[in-house]
Amino acid sequence: MSGAVRFEAEAEDGVEAEGGVGRVGVATAPVHHGEILQGVFPHRGRPTRGLVTLPCTVHTTRASFVPVRGGELTVSPARKTKALRAARLAVEACVPPGWAPVGGHLELSGDVPLRRGFGSSTSDVLAAVLAVRDALAGPLSREEIARIAVRAETASDSLMFDGSTVLFAQREGEVIEDFGRRMPAVRVLGFGARPEDGGGGVDTLALPPAAYDGTERARFAELHTMLREAVRTGDAALLGAVASASTDINQRHLPIPRLDGLRAVARETGALGIQAAHSGDIAGLLYDPADPDAEARTARAGRLLHHIGIHEQWTFTTGD
């Protein structure tokens, strides 16, 4: 997949940046809700870590970039160092050879919780790169943005590939497989899966990569095939089965407390499956939005989650 990404870019027409370098660029970037599938898959002749994320509409990141002459780049809030690195790399990619150095100020805002599994770092990075691209009218493709994201944050999610479902090598910034269309829509009852941690979350880069055994690796091949079929046919139930199987595998590496209780809630309410962030503390029960009882099932599941001590909850439907 190539060409310009389709995420929102709302540059203010006619508003020139200070010093006449480009214009004020603005953009927004979404988040994801953890993974549908994560594991190890063949890519370029070797086993490669890869993932398929679940789109999410609950949170968003907004960025503005004001380019100026000179090489200094700044960011607000100052702690957003990964986004600052991404902006610097994006400027280098967008500025034509022979131009004088371009710096500027990047400002980020949004409501994305950190270290939960929403892909907050990638959302920051993507918004930053898109704002720079908008300001400087750069020709960055999705693939180039993915490579910038990995350079900026070591491991990236696949938020820049919004038009299709992709199996993404998060540490290489490469697409292992593009499934060619969006995944089937699902109604998601999301929740904080580790309430005893107080929502403290997980430091993704500090988390040791999962050491998958031979049985798990063989299972990933089966789930890869199942997911390809689920996307091809729009089969939400098969998508839910893949998510549940991936969650079960991840239980050996980053366990969810009370998973048996969650499975019971899923059975009692007719959920399609259980989905989890493989390096975070959020999870979700998946329902078929075409089911006329989807809202009632979701509401009942929410009450049952309260009964087992899970009170932090939210809902959304993918594709909304």
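**View 1. H59 sits in strand β2, residues 46–69.** The model is predicted: local features need pLDDT of at least 70, side-chain atom pairs count only at pLDDT 80 or more, and totals for chains, interfaces and linings use all residues. Residues are numbered from 1 along each chain as its sequence is written, and side-chain values use heavy atoms, with hydrogens and water left out. Strands are DSSP runs of E, at least two residues; helices are runs of H or I, at least four residues; both are numbered from the N terminus. H59 is buried, with a relative accessible area of 15%. Here buried means under 20% relative accessible area, exposed over 50%, and partly exposed in between (1.4 Å probe, protein chains only). A polar atom of the H59 side chain lies 3.1 Å from the backbone oxygen of D111. Beyond its neighbours within four places in sequence, H59 is in contact with P30, V31, D111, V112, P113 and F118. Contact means heavy atoms within 4.5 Å.

**View 2. The second largest pocket has a volume of about 590 Å³.** Of its 25 lining residues, the closest to the pocket centre are P30, P55, C56, D162 and R182. A pocket is an open set of points on a 1 Å grid over the protein atoms alone, where a 1.4 Å probe fits, with protein on both sides within 12 Å along at least five of seven lines; lining residues have an atom within 4 Å of a point. Grid points are joined across faces, edges and corners, and the volume is the space filled by probe spheres set on the points. Strand β2 gives the largest share of the lining, eight residues. Both β1 (25–43) and β2 supply at least two lining residues each. By class, the lining holds 12 nonpolar, 10 polar and three charged residues.

**View 3. Helix α6 spans residues 259–269.** Its buried residues are L259, L262, A264, V265, A266 and T269. The cover over the buried residues of α6 includes helices α5 (236–250) and α7 (294–307). It also includes strands β7 (187–192), β8 (273–276) and β9 (282–287). Just after α6, G270 takes a positive phi of about 70°.

**View 4. G240 lies in helix α5.** G240 is buried, with a relative accessible area of 0%. Leaving aside neighbours within four places in sequence, G240 is in contact with L272, G273 and L286. G240 and V186 are 54 residues apart along the chain, and their C-alpha atoms are separated by 8.7 Å.

**View 5. P209 is in the loop between β7 and α4 (214–233).** P209 is partly exposed, with a relative accessible area of 47%. Not counting residues up to four places away in sequence, P209 touches R49 and R171. P209 and S279 are 70 residues apart in sequence, yet 9.5 Å apart in space, C-alpha to C-alpha.

**View 6. The whole protein has seven helices and 10 strands.** Of its 320 residues, 53% count as buried. Among contacts between residues at least 6 apart in sequence, 74% join residues at least 24 apart. The accessible surface comes to about 13,500 Å², and 51% of this surface belongs to carbon and sulfur atoms.

Notes. Accessible areas come from the Shrake-Rupley method with a 1.4 Å probe; for residues, only the protein chains shown count as cover. A polar contact is a pair of N or O atoms within 3.5 Å; within protein, one must be able to donate a hydrogen and the other to accept it, and residues adjacent in sequence count only if both atoms are side-chain atoms. Ala, Val, Leu, Ile, Met, Phe, Trp, Tyr, Cys and Pro count as nonpolar, Asp, Glu, Lys and Arg as charged, and the others, Gly among them, as polar.
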